[in-house]
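Here is a short briefing on one protein chain. Keep the sequence and the 3D view open while reading.

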Amino acid sequence: MFRTPRDSDSRIWLVGLPCRSDDSRTVWLYYVVREAPDSAEALCAAVRRARSASERDARGQGLVEPDRAEVRRIRHHILGDFALEAC
């Protein structure tokens, strides 16, 4: 696909974290992370958010499983479309 400098400068990540619900089902939590320079930092930022008191209260204290996380880079191309790239 056609790329521009704007595309290559974007540092937006989509991080999926599995979490166990109260009835032991796996529920995926997704976080958009803008402040991270790479996928490892994006994962750390998402885990920090997921472990915050307000997030834990909202989902009933379920624990996230960062070892099974999925991280994708969100690309916004000059023509307006978005793409998720594997990391």
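How many residues lie between β1 and β2 in their hairpin, and which residue in the turn has a positive phi? There are five residues between the two strands, and the turn residue is S24, with a phi of about 70°. The model is predicted. The points below go from the whole chain to single residues.

**Overall layout**
- The chain holds three helices and four strands.
- Along the sequence they follow the pattern α-β-β-α-α-β-β.
- Of the 87 residues, 33% are buried.
- Take the contacts with a separation of 6 or more: 52% of them come from residues 24 or more positions apart.
- The accessible surface is about 5600 Å². Carbon and sulfur atoms supply 54% of that surface.

- β1 and β2 run antiparallel and are joined by eight bridges.
- L17 faces L29 across the pair, with L29 sitting in β2.
- In a regular strand, side chains alternate between the two faces of the sheet.

**Aromatic pair**
- The chain has one aromatic pair.
- W28 and Y30 form this pair: their ring centres are 6.3 Å apart and their planes meet at 25°, so the rings count as stacked. The cut-off for stacking is an angle under 30 degrees.
- W28 has a relative accessible area of 30%, so this residue is partly exposed.

**Helix α2**
- α2 spans residues 39-50, twelve residues in total.
- From first C-alpha to last, α2 reaches 16 Å, close to the 16 Å expected at 1.5 Å a residue.
- D38 caps the N-terminal end of α2. A side-chain oxygen of D38 lies 3.3 Å from the backbone nitrogen of A40.
- The buried residues of α2 are A42, A45, A46, V47 and A50.
- An α-helix has 3.6 residues a turn, so residues three or four places apart point the same way.
- The packing partners of the buried α2 residues are β1 (12-20), β2 (26-33) and α3 (53-59).

**R59 in helix α3**
- R59 belongs to helix α3.
- Buried or exposed? R59 has a relative accessibility of 18%, so this arginine counts as buried. The cut-off for buried is under 20%.
- Beyond its neighbours within four places in sequence, R59 is in contact with C19, L29, Y31, A50, R51 and V64.
- A50, one of these contacts, is also among the buried residues of α2.
- R59 and V27 are 32 residues apart along the chain, and their C-alpha atoms are separated by 9.8 Å.

**Hairpin β3-β4**
- Five bridges link β3 and β4, which run antiparallel.
- I74 stands opposite L84 of β4.
- The two strands form a hairpin with five residues between them. G80 in its turn has a positive phi of about 100°.
- How many of the five residues of β4 (residues 82-86) are buried? The number is zero, so β4 lies largely in the open.

**R75 in strand β3**
- R75 sits in strand β3, residues 70-76.
- R75 has 9% relative accessibility, so it counts as buried.
- The side chain of R75 makes a polar contact of 3.3 Å with the side chain of E85.

How values were computed
Residues numbered from 1 in each chain as written. Predicted model: local features only at pLDDT ≥ 70, side-chain atom pairs only at ≥ 80, totals over all residues. Heavy atoms only, no water. Expected span 1.5 Å × (residues − 1). Buried < 20%, exposed > 50% of the residue type's maximum accessible area, 1.4 Å probe, protein only. Contact = heavy atoms within 4.5 Å. Polar contact = N/O pair within 3.5 Å; in protein donor to acceptor, adjacent residues only side chain to side chain. Phe/Tyr/Trp six-rings, centres within 6.5 Å; stacked < 30°, edge-to-face > 60°. Pairing = 2+ DSSP bridges. Areas by Shrake-Rupley, 256 points an atom, 1.4 Å probe, with all protein chains shown as cover.
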